[in-house]
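Open the model in your viewer and keep the selection panel at hand. This tour goes stop by stop.

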Amino acid sequence: MTMEATRYDDGTISYPGHPRSRNGAEPVGTIDLSEHTAEVVTWTTSTATPPGVREPNHLAIVEFDVREVVDDGETSVRALVQLTDGDVETGDEVEPVYTEELREPGAGIREPDSQDWDGYRFEPV
Amino acid sequence: MTESDRVAVIGASMTQFGQREEWILELLAEAGLDCLEDAGVDADEIEHLYVSNMTSGEFEGMTGVMNALAHDIGALPAYTQRVDQTSSSGGAGIYAAWQSIQSGASDMTLLVGGEKMTHRTTGEATDIIASITHPVEYKAGVTLPSFAGLTARHYLERFDAPRESLAKVASKNHRNGVDNPHAQFRKEVDVETILDSPIVADPLRLYDFCPITDGSAAMLFCPESVAQEYTDEYAIVAGVDGATDTHVVHEREDPTVMGGVVESGQGAYEMSGYGPEDVDVAELHDMFTILEFLQMEGLGFAEQGEAWELVEEGYTERDGELPVNTSGGLKSKGHPLGASGVAQGVEIYEQVVGEAGDRQVEADVGLCCNVGGFGNCVITTIMEAAR
């Protein structure tokens, strides 16, 4: 399992990847974010969760510093992730922990076979 | 439509918002027929009929609502189209109706927005709405309220804004809703109650969120030359524009800027010739209290990070410099997805033609901003009183 961000010809990076960058540039490579730590930009604990989602659900927008693996262009990329628990603060450094099922497939409206359901939860380093 | 014609609104209506026994087709027909009656126009005069609706298929198992509505209200053989732009379906319907008149394709266009939601559990409704999200967002279990919690925390921390300022948005809009006979909640709620209510998406609490709602609203559009055959009191669509921001919310450069709000606002200002300083009253998409701040800033009513100060000063109160959400907003009036943008238009129409009753403010120019998703798509409309 990887957590792949996409690099584009215009120097931008996005997670998840898209067929083209926000400026219309083509993909030129990927970066596996699961090999990096990240910084919490903001977080929330959701207490009213939809079917198939743990309750409470701890979520964060985190930012990965990827300057070690890119030569030019953008050097950071953000992701929305689950946290292992709500014991975090903005600015904390967090690392990924693989989880087989972030959400129960088929419990909600989304067709189970239309996407994958495993991924990473993040916890303070 | 003559060359000098402008697009006019000659009628408007909204049903009672809240928990209704009626299903989607009945709600749409109620608002549509009330609107025609308000304008004194017969159904067989309708050339285009647009229905703003996000999820009747998912919520009720009822699709094809636009054709069904044309039949139900006697508008055959009008051209019909359903407009789905998630929570901004209503605003997108205004844009579609404006285009139909402006292009000359129609001389009488009825727009009806509606949604039936309350028969579903909160979890089911939340999941249906969250189905707009990207697979990586969906599997994380994100909901629209949790986007609001993430954004609110970032805003409060970055701009050193007090938590109470968000509660004051909710309190103001509930106060305004008391005077709206169609609002879901007509009850004042004080700041202390809001701050003591259960956490939904930390730091936001129950009263920072709009309710789940059934309801419908309608507007009738025609060229100004046709409007004058029916009435002296009508509104003009002075400017309207729509824009799209990233589908994936965390990919935005600045989490406190909604690009769709900025872009659609600039487009509507440019078309109308008005600027933020000319707007006398505004309906903003307060699905969550934090959105009122982001739209005030995106539309140029406040500098970035300073909207909360205006709310603290009473600038957006009904007797303030810029009354915001005189209808009670989505917060108090309710948020039947496809109807909400149309209901915003109804409020601005009533304000500029002087039919807002106890909610009336002094207004020649009004603006409404309808947000889809968490800023994924936005429509801004500016209306003015006919002169």
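How many residues does the contact take from chain B and from chain A? Select both sides: 35 residues come from chain B and 32 residues from chain A. Two residues are in contact here if their C-beta atoms, placed from the backbone, lie within 7 Å. On the side of chain B that touches chain A, the elements giving two or more residues are α5 (122-130), α6 (135-139), α7 (144-159) and β5 (199-201) of chain B. By type, that side of chain B divides into 14 nonpolar, twelve polar and nine charged residues. Ala, Val, Leu, Ile, Met, Phe, Trp, Tyr, Cys and Pro count as nonpolar, Asp, Glu, Lys and Arg as charged, and the others, Gly among them, as polar.

A word on conventions before moving on. This is a predicted model: local features need pLDDT of at least 70, side-chain atom pairs count only at pLDDT 80 or more, and totals for chains, interfaces and linings use all residues. Residues are numbered from 1 along each chain as its sequence is written, while chains are lettered from A and ligands numbered from 1 in the order in which they are written. Helices (H or I, at least four residues) and strands (E, at least two) are DSSP runs, numbered from the N terminus.

**Stop 1: helix α7 of chain B**

Select 144-159 of chain B, one of the elements on the side that touches chain A. α7(B) has 16 residues and reaches 22 Å from its first C-alpha to its last. That is close to the 22 Å expected at 1.5 Å a residue, where the expected span is 1.5 Å times one less than the number of residues. Twelve of the 16 residues of α7(B) are buried, so the helix is largely enclosed by the rest of the structure. A residue is buried if 20 or more other C-beta atoms lie within 10 Å of its own, exposed if 12 or fewer, and partly exposed in between, with C-beta atoms placed from the backbone. The buried residues include Leu144(B), Phe147(B), Leu150(B), Arg153(B) and Tyr155(B). Now step to Asp160(B), which follows α7(B): its phi is positive, near 55°.

**Stop 2: the sheet of chain B**

Show the strands of chain B. An open sheet of nine strands has the order β3-β2-β4-β7-β1-β8-β11-β10-β9, with mixed pairing. Two strands pair if DSSP finds at least two bridges between them. The edge strands are β3 (79-83) and β9 (281-284) of chain B, each pairing on one side only. From one strand to the next, the twist averages 25°. For angles, axes are lines fitted to C-alpha atoms, for helices over the stretch in contact, and values run from 0 to 180 degrees between N-to-C directions.

Next, select β1(B), residues 7-14. Is this strand buried or exposed? Eight of its eight residues are buried, so β1(B) is largely enclosed by the rest of the structure. Seven bridges join β1(B) to β7(B) (residues 215-223), and the two run antiparallel. Check two pairs: Ala12(B) stands opposite Met219(B), and Val9(B) opposite Phe221(B). β1(B) also pairs with β8(B) (residues 235-244), in the antiparallel sense over two bridges. There Val9(B) stands opposite Ala235(B).

**Stop 3: helices across the sheet**

Select α1(B), residues 24-39. Helix α1(B) lies across β1, β2 (48-52), β4 (109-115) and β7 of chain B, at about 40° to β7(B). Then select α11(B), residues 259-272. Helix α11(B) lies across β8, β10 (365-372) and β11 (377-385) of chain B, at about 145° to β8(B).

Zoom out to the whole chain. Chain B comes to 15 helices and eleven strands. Its radius of gyration is 19 Å, close to the 21 Å that the globule rule gives for 387 residues, so chain B is as compact as a globular protein of that length. The radius is taken over C-alpha atoms, and the rule is 2.2 Å times the number of residues to the power 0.38. Buried residues make up 64% of chain B.

**Stop 4: chain A**

Switch to chain A. Chain A has zero helices and eight strands. Select β7(A), residues 93-99. Two bridges join β7(A) to β4(A) (residues 38-46), running antiparallel; Ala38(A) has Val94(A) as its bridge partner. With β8(A) (residues 119-124), β7(A) pairs in the antiparallel sense over six bridges. Here Thr99(A) partners Gly119(A).
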